Amino acid sequence: MNQLSQEEKYMQRCLQLAKMAEGNTYPNPMVGSVIVYNGKIIGEGYHRKAGEPHAEVNAVNSVKDKSLLRHSTLYVNLEPCAHYGKTPPCSKLIIDNEIPSVVIGCIDSFSEVAGKGVEMMRRAGVEVKVGVLEDESLELNRRFFTFHNKQRPYIILKWAETLDGFIDIDRTDEQLGRPTWITNEWARRAVHKQRASEQAILIGTHTALKDNPSLTLRDWAGEQPLRCVIDKRCQLDGSKQLLDGESPTVVYNLLRDSRTPNLEYVKLSNEGDFIDQILKDLWQRNIQSLIVEGGSTTLSTFIETSLWDEAYRYIGHVFFKSGVKAPPLNAKISNQEKFGSSELLVYRNNL
């Protein structure tokens, strides 16, 4: 393994700081910044929440002796902004504080930034270096970049399956309305932790009918993701937990548009691709990430059209012998994790 250079070590610290705000910065990216003087970090900060000061601002404000800024290097994992939003541009902050050198992890592809921050600083005489731990910087904000570059949310497929490859039993009428547990409680807690980090969650009609899920956070603290369900013929009634009005919910269908507190019916066209229409609607709602927890049909639709970025496949230590088969996934494992008797396999779609 190659040893990290000093620049890479400082950038790695930026990434560590940025990740501390995971799940809290939407619609903004995760950004961390450190300020180095004479080989020592004299200031650091990260963007904590949308609308609050950016990482560079917090880093500059943390420096006790501001006169040192004129002889320091600022490190940041994402290109400083050049536009006025809820906060002033960070590129101007760097120029105004006469910071002579800036090291950046990766360029911000968001159209209002996209190289403009680097250009502004270089025109003011700031020495700018781009591309230190670039891959790691792009990886950290992959949801943000996918949203802006592909104009859709970052899509994470998720399901649990048995050791013999089933995601559900063949249900009798008496077994409808409650989930069939496959994994243990530790794996289920990991699922709720993941929900807290993403912005929306989607299931299909059959899953809603069979499991009657609430899709809410119960075993982890955080922001509740937008609940979404595909119900083309509006088969779900008020007895379903998804339609209880307790949390914002969108029902994608072919019959009607309507809105009540926390419950919205969105009528889509029978002409175009249904999934594409859903993704476009979520993009217009500024939703950067989507978990698809649907049954085999919904999951297979996303897999067959290659409309996914990550897949989380939880394996429980149980056998069903028959039932609903798990969707086939032709992809390489990128990561795996053990939760006692349950295991998580993570896949990436590199297409």
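**A side chain and its surroundings**

Guide: In this predicted model, the side chain of Q288 reaches the backbone oxygen of P27 at 2.6 Å. Q288 lies in the loop between α9 and β13.

Visitor: Is Q288 buried or exposed?

Guide: Buried means under 20% relative accessible area. Q288 has a relative accessible area of 1%, so it is buried. Beyond residues up to four places away in sequence, Q288 touches Y26, P27, N28, R143, F144, F147, P153, Y154 and Q199.

Visitor: In what order do the ten strands form the open sheet?

Guide: The order is β11-β12-β10-β9-β8-β13-β6-β14-β17-β16, with mixed pairing. β11 and β16 stand at the edges; each has a single partner strand, so one side of each is left without a neighbour in the sheet. From one strand to the next, the twist averages 20 degrees.

Visitor: Which helix packs on the sheet and touches β6, β13, β14 and β17?

Guide: That is helix α6 (residues 142–150), whose direction makes about 125 degrees with that of β6. Helix α7 (residues 185–197) also packs on the sheet, and its direction makes about 160 degrees with that of β14.

Visitor: Which residues touch the most other members of the largest nonpolar core?

Guide: In soluble globular proteins, nonpolar side chains tend to be buried together. Here the largest nonpolar core has 32 residues, and L157, Y252 and F302 touch the most other members. Helix α9 gives the most to this core, with five residues. A second, separate core of 21 residues includes A59, L69, I99 and V102.

Methods. Residues numbered from 1 in each chain as written. Predicted model: local features only at pLDDT ≥ 70, side-chain atom pairs only at ≥ 80, totals over all residues. Heavy atoms only, no water. Core = buried A, V, L, I, M, F, W, Y, C linked by side-chain atoms within 4.5 Å. Buried < 20%, exposed > 50% of the residue type's maximum accessible area, 1.4 Å probe, protein only. Helix = DSSP H or I, 4+ residues; strand = E, 2+ residues; numbered from the N terminus. Polar contact = N/O pair within 3.5 Å; in protein donor to acceptor, adjacent residues only side chain to side chain. Contact = heavy atoms within 4.5 Å. Pairing = 2+ DSSP bridges. Axes fitted to C-alpha atoms, helices over the stretch in contact; angles between N-to-C directions.
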